[in-house]
Amino acid sequence: MSARRILWVAVVLFSALAVAQTTALSKEVQQFVSVTAPKIVLTHVRVIDGTGAPAVDDQNVVIEKGKITAIEKGGDVGESQGTRVLDLRGHTVMPGIVGMHNHLYYVARPNLDSQRHYDQPVLVPEMAFSSPRLYLAGGVTTMRTTGCVEPYTDLNLKQDIDAGKLPGPHMDVTAPYLEGPGSYFIQMMRLTGPEDARQNVDFWADRGATSFKAYMNITRAELKAAIDEAHKRGLKLTGHLCSVTYKEAAELGIDDLEHGFFVNTELDPGKKPDVCSEDQGNATLAQMEPNSAEAKDLIQTLIQYHVAVTSTLPVFEEYGKGLSPVRQQMLDAMMPQAREDYFLARQPRTKPPKIDPALLWKHELGLEYEFAKAGGLLLSGPDPTGAGDVVPGFGDQRGIELLAEAGFTPVEAIRIATLNGAIFLGRDQQIGSIAAGKDADLVVIKGDPSQKIGDVENVEIVFKDGVGYDSQKLLESVRGRYGQY
Ligand SMILES: [Zn+2]
């Protein structure tokens, strides 16, 4: 082949790639794109790489065709054909958040009042429009749905996001909850035994679910059947447990436990095998001093069985710590009824709870910290449910702030919300930290969260596969909709 012909082929190939990169995104998605070019250089930016290493000031991060290709000493770079240069002095770049308890639904309590009374049944309406946009706007580039109520919606959303038709993060779609009778939510399945559990795992794995979640009223036999079936297919299973204790689940082979140490029931008075206890774990947590022999034993068991733990501090904050800060942008995202419910649920409690919530909160923070320090894999996700006071994206940022309150340094807290999730998903070769060769899933933040953790809220641009999305534009598109669709 002549040199001229090689050049011609190269030009054709290059333009084909460039075209593919732009036409892959629908008009719907393109309206949120603020940065796209074959080569993008983020100059003079502070890098928090997601490994827990200290932040490094004044770096250049080079992105080419969706991948990070270099991280170098900061310097000026000239714009040229096909290269976009951003001057990011005063900004920080961190890996995209890997959210590990990121539902796509809202919780609706019919006729909620200021005394927290509401009518049955409690519903979880799917937020297929607002949630993916809010997650992406908040810096989440990969998420596990961790239980779903509209499986076909979730599976189709994943497909449409991956195809560039809709905006949103990469998704690990969790199958419908594996739950027995007696659930708090009417939309969940009511398992009839181990064979039913096995069939459900196969049914949803065949249809594209890539993870599973057991719920509060599953029996040990059903859980065991589901875990074994999921593992046969190379898939993982997590649980928000109650009927099964943490140690029992670890021994059965569970991969992850949701809600930190809040829902372990092993020391709850009157706990019967296979039955959810009345305290739903509060009594156990109240007794579990983070440095006690009991706590050390539990932590060692979890580590020995390679069980990860997902911290979901935002969903417990209002209960355990006190009212979370009101963020105007979060209220702006909500539909009027959701905003009203949010404030109703923040009214002072008339009856004090049986177990002191402040004690639970203190033990929870301590146990999460001790678990991670002992070598356990701690993950993070907001669980956007609660009293409607945890909202996608905003909740992910709040989770990082609360991990810092638990004693982690800011860069450690960021690692929990990024690289640790990638490790659990088996995707840490591609995502979760800032390194040459990895996917360009990055969050550009104004300020310095390594010094002031609250700066994680100042998200400006979110890169997913090297395409930069304007966080504000995504938020504006959701204004007044969260809670509706
Ligand atoms: Zn949840």
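Trainee: Which element gives the largest share of the lining of the largest cavity, and how many residues is that?

Mentor: It is α14, with 4 residues. Before we go on, this is a predicted model, so local features need pLDDT of at least 70 and side-chain atom pairs count only at pLDDT 80 or more, while totals for chains, interfaces and linings use all residues. Residues are numbered from 1 along each chain as its sequence is written, and side-chain values use heavy atoms, with hydrogens and water left out.

Trainee: What makes a space a cavity and not a pocket?

Mentor: On a 1 Å grid over the protein atoms alone, a cavity is a set of points where a 1.4 Å probe fits but cannot get out. A pocket is an open set with protein on both sides within 12 Å along at least five of seven lines, and lining residues of either have an atom within 4 Å of a point. By this rule there are 2 cavities of 30 Å³ or more. The largest cavity holds about 130 Å³, and of its 13 lining residues, Ser 324, Pro 325, Met 330, Asp 389 and Arg 398 are the closest to its centre. The elements giving two or more residues to that lining are α10 and α14 (394–405).

Trainee: How does the lining of the largest cavity divide by class?

Mentor: Into 5 nonpolar, 2 polar and 6 charged residues. Ala, Val, Leu, Ile, Met, Phe, Trp, Tyr, Cys and Pro count as nonpolar, Asp, Glu, Lys and Arg as charged, and the others, Gly among them, as polar.

Trainee: What is the volume of the largest pocket?

Mentor: About 1,600 Å³. Of the 46 residues lining the pocket, the closest to its centre are Arg 109, Tyr 184, Gln 280, Tyr 319 and Arg 349. Helix α10 (residues 313–320) gives the most to this lining, with 4 residues.

Trainee: Why is α10 called roughly perpendicular to α14?

Mentor: Their axes come within 8 Å and cross at roughly 70°. That makes α10 roughly perpendicular to α14, because 65 to 115 degrees counts as roughly perpendicular, under 35 as roughly parallel, over 145 as roughly antiparallel and the rest as oblique. The axes are lines fitted to C-alpha atoms, for helices over the stretch in contact, and angles run from 0 to 180 degrees between N-to-C directions.

Trainee: What makes α5 roughly parallel to α6?

Mentor: Helix α5 (residues 194–206) and helix α6 (residues 220–232) pack at about 30°, with axes 8 Å apart. So α5 is roughly parallel to α6. The crossing is right-handed, a word used if the near helix is turned clockwise from the far one by less than a right angle, and left-handed if anticlockwise.

Trainee: How do you know that α3 is roughly antiparallel to α17?

Mentor: The axes of helix α3 (residues 130–137) and helix α17 (residues 471–478) come within 8 Å and cross at roughly 155°. Therefore α3 is roughly antiparallel to α17. Here α3 passes α17 in a left-handed crossing.

Trainee: Which residues in α3 and α17 meet?

Mentor: Ser 130, Arg 133, Leu 134, Leu 136 and Ala 137 in α3 meet Ser 471, Leu 474, Leu 475, Ser 477 and Val 478 in α17, where contact means heavy atoms within 4.5 Å. That contact has 6 nonpolar, 3 polar and 1 charged residues.

Terms used
Grid points are joined across faces, edges and corners, and a volume is the space filled by probe spheres set on the points.
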